[in-house]
Amino acid sequence: MTKAAIGTLNGHVGPVTSVCFNADQESQIFSGGWDHSVRTWDVASGVNVMTNLCDKVILDIDYSAHSRLIATGHADRSVRLWDPRSDDSTVVKMRLSSHKGFVSSVAWAPNSAYMLASASHDSTIKVWDIRSRTPLYTVYAASDKDKGKKLLGLDWHKSLLLAGGESGSLRIHSVNSQYSDDQEQTSA
C-alpha cells in the first residue's frame, strides 16, 4: 500500500534537516534547515507565517511546551534558543557553546522549562539548565566502541537520555533526578 502526502509546505531554499510540532498549537509546526532558517508554519493554511534567520546551518530542532522556546543544534558547535512568539526575524534568545563538534541533536526534558540536552559529533551529551550558559554536566562514552564516534540522535524520556550514532550502539544514560523546576540546583 502506498499513500500520498496530504500536503506540502514550500519555503525553505535548501534541505530541511528537522521538523517538530508546536505542542501548544496543533496546527503549527517548526522546521530548520541548511538555509540557516527556523520556519513557523500554519499547517491548516499551508503558510510559512514566520522565518527566523541565523548565520549557521540548522541540524536539529525541538520545541518545549514548558518554556515555549525552540532549541536548535548547529554545525558551529552551538545550541541556539529561539522565542517563536517574538516578531524579530533574527532573534536568538541565547547561544550555548561547549561542544567540540557539530551539535547534531537537541531534546528538551519532558517536564522542565529549563532542562535541555544536546548530542554532538564530539561523542558527548551535554545536559544544560538554560538559566546558565554552561552545561550542568557532560556525559562521555562509557565503552571503547563508542569513544570518538559521532552522536547523531538524542531523545529524553523521564529521567533517561537515549543517544545513538556512528558506532551503531544506543547509549542509555540516567539523568540526575535532583534537577527539576521545583527544586534548587545543588551539584552536578
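The side chains of Arg131 and Asp129 meet in a salt bridge, with N and O 2.7 Å apart; the term denotes a side-chain nitrogen of Lys or Arg within 4 Å of a carboxyl oxygen of Asp or Glu. Arg131 is exposed at 52% relative accessibility, whereas Asp129 is buried at 4% (buried, under 20% relative accessible area; exposed, over 50%; partly exposed in between; 1.4 Å probe, protein chains only). The model is predicted: local features need pLDDT of at least 70 and side-chain atom pairs count only at pLDDT 80 or more, while totals for chains, interfaces and linings use all residues. Residues are numbered from 1 along each chain as its sequence is written, and side-chain values use heavy atoms, with hydrogens and water left out.

The whole structure contains 7 salt bridges. Asp55 pairs with Arg80, the closest N and O atoms being 3.4 Å apart. This pair links distant parts of the chain, 25 residues apart: Asp55 lies in the loop between E4 and strand E5 (58–63), and Arg80 in strand E7 (residues 78–82). Strands are DSSP runs (E, at least two residues) numbered from the N terminus. Asp55 is exposed, with a relative accessible area of 53%, but Arg80 is buried at 4%.

Strands E3 (residues 37–42) and E4 (residues 47–53) pair in the antiparallel sense over 6 bridges, pairing requiring at least two DSSP bridges. Thr40 stands opposite Met50 in E4. The two strands form a hairpin with 4 residues between them, and Gly46 in the turn has a positive phi of about 75°.
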